[in-house]
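Biologist: Can you walk me through this one? I have some quick questions.

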Amino acid sequence: MPDTAPEGLEGLAFGGDYNPEQWPEEAWQEDVRLMREAGVNLVSLGIFSWALLEPEPGRYDFDWLDRIIGLLHEHGIRIDLATPTVAPPAWFYRAHPDALPVSREGMRYAFGSRGAICHSSPAYRAAAAAITEQLARRYGSHPALALWHVHNEYGVPVSACYCENCAVHFRRWLSATYSTVDAVNEAWGTAFWGQRYGSFDEIEPPRATPTVCNPAQRLDYARFADATMRENFVRERDLLHRHSPGIPVTTNFMTALSQCDSVDYWAWGREVDLVTNDHYLITDGRRTHVNLAMAADLTRSVAGGAPWLLLEHSTSGVNWQPRNPAKAPGQMARNSLAHVARGSDGAMFFQWRQSRRGAEKFHSSMLPHAGTESRVWREVVGLGAALGALAPVRGTRTAADAAVVWDWQSWWAQRLEWRPSEDHDARERADTFYEALYDRHLTVDFAHPEADLSRYPLVVVPALYLANEATGHNLRTYVENGGTLVVSYFSGIVDQHDAVHPGAHPGVLREVLGLTIEEFSPLGDGERVRLTAADGAELTGDVWSEFVVPRGAETVWTYADGLTAGRPAITRHRLGRGTAWYVSTRLDTGGLNTILDAAAEDAGIAPRTGLPRDVEVVRRTGEGGDYLFAVNHTGTDAKVPLPAHGTELLTGERAAGRLGLPAGAVRVVKLDD
C-alpha cells in the first residue's frame, strides 16, 4: 500500500470528531478559537448528520454544513468529511422497515441507536449512494477538504443480518463464489446430517437451529457479511474518487481484538487509501498499554507498514464499560505518543466538545464539561504542542523485529461450536504471545498467513486453527530459508472450508514442525500439567495437552503428569537452515518467555538488556533520519541506552549515551546521521 496522507495537512494530525449540530451556532466561534489555541489542525465532520443533511427524501439542506466548513477553513482547520451512512434518518426506516437488520434468532432490531443497517438492503444501498454523491459533488473540490470518511466503524454494533434480503444476496454471493450448488455441497460437507442442497434457492442464511448449524456454512456467512459491508464501502469510495479526485478515502477501523471481531481487516486494508483506526482502553485488569501497542502494531500491519492515522481515542474515561475510570495525569499524552511511535501520523479523539445529551454524554472529550479550567483541557493543549514538535516524524515508518501470524477468518472458524475445548481462545493466545514479545522489547508486525515472512528472523503463530495448503507451504519455506518459527497448539487443523486436513494433525503444518498429533487431550476446568526439561526445569500448562509423536523433531520439554505423561510437550525441529518450535499446551507469559528466549537465540535476536519492564523503545525511520521513541509506562524514572547521539525533540536537549526518561513520560530522539 502506498503512503497516503490527508491532503494539505502539514505535520502530524491533531483534532477529533466535531459535532457542531449538537450546539447553538454562537458556540461555533468559541470552538474554532479554542481549536487554534490547542493546535487542532483536522476535524472529522458530519458522521451522524444524515437526518439534518436530508430532512426529507430527496430534499437536501447543506446551509449549516457550508457555514461550519467555511468557518473552519477560515481558521486554517482542515476537514475529514464523512458520509453519514452509518445513521439513516427515521423517515428512511419508516419507508423501508426491511432495512433494519434481523438477528440470527429472527428478531428485527428497531430504530433509535446507530449502525442498525441491513447491508444487503437495496433501499439502503440506493439511499447511501445518493447522499454520498450529493456530498461529493458539493464538497469534492473544497479547499478545506483533507480526507473523506466513509460510514463509521463498520461491523459495530451489527455486521451480519439474517433477513430475506440477505438470503437473496447470500445466494448470489454463493453463486459468484462457487459457480455451482454441487461445489457448495462439497465445500460445506453437506453429506453430513443429510444437508445436501439441490439448488441455490434452497439455501438460507444460517439462522438459529435446534442444534449446531453447519460450521462451514456459518464460516461462509461470516465472510459474506464482511464482503457485503465492504461492497457498500467500495460503492461510496468510488463515488468519492469520481467526484473528488486526489482526496484520499478512508473508513475508521477497530483493529484491536478487544473491540471488533467480525471484520477481516486484511481485506479492508487493501480497499482504503489511508488506514485509520479507533482505539479505546479496555479496563479488564490487563496492562492496557500492551493492548494499545498491539492494536497499533496490528493497524500498521494492515496498512502494509505505511504510516496510518489514529482517528479516535479518548482523552480520559469512556462511557460504555461497566466501570470507566479517568486516565491518570499524563496518560493521555503517553497513550497518544505510543500510537505515534508505532506508525500513526497523528492523534485524533472522539470528540471535540463533550455532549450534553445522548448515549455518550459521559464519554470524555477534548473540551470537557468542566471547560478550559480542567486538567484534561490543559493536557490537550500540551499534547497539541508536543505533536507540533514531532512534525519531522511524519511519513516515517516503524521498524519491526519479529512477526505474529494472525488471520481473522481462522478466528471466526475456531470460535464456532463443538470444538475440543471452549477454554481455548484465539484472542487470549494472541494477547499472551504478543505480551511475551512486548516484554522482550521487540517491536512486532502482524502478518497474513500467506504473506512474505523472509525479512523477520522470528515468526510466532499463536492461534491458526484454519490454515490452507498455501499457508503450510509458506511457513515451511520460511523455515527452510533460515527463519525461526514458534507455533502454538490447535494450529493447522482445517482448511478454508473448516474441513480437517487428510491424515494426522496438524495437517499442513506436519512437515514444518516435524511431528504428528495422535489425539487432543484438553484439560478440565482448573486442571494443570507439569512440563519438565532435561536439566530438571519445570513449566506449567493448562487448558490443553496433546499426544505428540515426533517425526524428525526433538523433544525439549516433556509432560510430567496427566494423560500425556512421558510424551513430548514442546519440540524443536531443524529444517533446512531454520528451526520450528511447537508448544502443545497453554503456557502463561512467564512460560512463554522461557520458550521465546530459546527461539530468539535460534533467530539470532540478542536480549534487549538495560530496559525496564513497561518501558517501550520503538524506532521510526525515513529519508529524514531515524527517530527513537521511549515511552515510560511506570511510576519510576528510567534510563534508556541510545545507539547514537541525537536531539530530543520535545525538550530540545541533546542526548547521548543513556537517555533520562522520567516516570510516565515520553521522549523522542532524532538520532544524528
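Predicted model: local features only at pLDDT ≥ 70, side-chain atom pairs only at ≥ 80, totals over all residues.

Biologist: Understood. Where is His149 placed?

Modeller: His149 is in strand E4, which covers residues 145-150.

Biologist: Is His149 buried or exposed?

Modeller: Buried. The relative accessible area of His149 is 1%, and the cut-off for buried is under 20%.

Biologist: Which backbone oxygen does the side chain of His149 reach?

Modeller: That of His151, at 3.1 Å.

Biologist: And what does His149 touch, leaving out residues up to four places away in sequence?

Modeller: His149 touches Ser44, Ile47, Asp80, Leu81, Ala82, Thr83, Thr250, Asn252 and Leu311.

Biologist: New topic. How many salt bridges does the structure hold?

Modeller: There are 47. One of them pairs the side chains of Glu25 and Arg67, at 2.8 Å from N to O. This pair links distant parts of the chain, 42 residues apart. Glu25 sits in the loop between strand E1 (13-18) and helix H1 (26-38), and Arg67 is in helix H3 (residues 63-74).

Biologist: Why would such side chains pair at all?

Modeller: Side chains of opposite charge can pair when their charged atoms come close.

Biologist: How accessible is Glu25? And Arg67?

Modeller: Glu25 is partly exposed, with a relative accessible area of 36%. Arg67 also counts as partly exposed, at 41%.

Biologist: What does Asp401 meet in a salt bridge?

Modeller: The side chain of Arg608, at 3.1 Å from N to O. Asp401 lies in the loop between strand E10 (397-398) and strand E11 (402-405), and Arg608 in the loop between helix H17 (589-603) and strand E23 (615-622), so the bridge ties together parts 207 residues apart in sequence. Arg608 is partly exposed, with 35% relative accessibility.

Biologist: Which residue forms a salt bridge with Arg440?

Modeller: Asp597. The closest N and O atoms of that pair are 2.2 Å apart. Arg440 is in the loop between helix H14 (426-439) and strand E12 (444-447), while Asp597 is in helix H17, so this pair ties together parts 157 residues apart in sequence.

Biologist: Is Arg440 buried or exposed?

Modeller: Arg440 is buried, at a relative accessible area of 12%. Asp597 counts as partly exposed, with 40% relative accessibility.

Biologist: Which residues do salt bridges with shared partners join into one network?

Modeller: Arg287, Glu435, Asp439, Arg613 and Asp614.

Biologist: What is Phe547 in contact with, aside from neighbours within four places in sequence?

Modeller: Thr516, Ile517, Glu518, Glu519, Ser521, Leu563, Thr564 and Arg567.

Biologist: What separates the C-alpha atoms of Phe547 and Ala183?

Modeller: The separation is 35 Å, and the two residues are 364 residues apart along the chain.

Biologist: Last one, the surface. Which residues make the nonpolar patch?

Modeller: Phe192, Trp193 and Trp418 make a nonpolar surface patch of about 440 Å².

Biologist: Where is Trp418 found?

Modeller: In the loop between helix H13 (408-414) and H14. Trp418 is exposed, with a relative accessible area of 62%.

Terms used: Residues numbered from 1 in each chain as written. Heavy atoms only, no water. Helix = DSSP H or I, 4+ residues; strand = E, 2+ residues; numbered from the N terminus. Buried < 20%, exposed > 50% of the residue type's maximum accessible area, 1.4 Å probe, protein only. Polar contact = N/O pair within 3.5 Å; in protein donor to acceptor, adjacent residues only side chain to side chain. Contact = heavy atoms within 4.5 Å. Salt bridge = Lys/Arg side-chain N within 4 Å of Asp/Glu carboxyl O. Patch = residues over 30% accessible without salt bridge, like charges linked within 9 Å, V, L, I, M, F, W, Y side chains within 5 Å. Areas by Shrake-Rupley, 256 points an atom, 1.4 Å probe, with all protein chains shown as cover.
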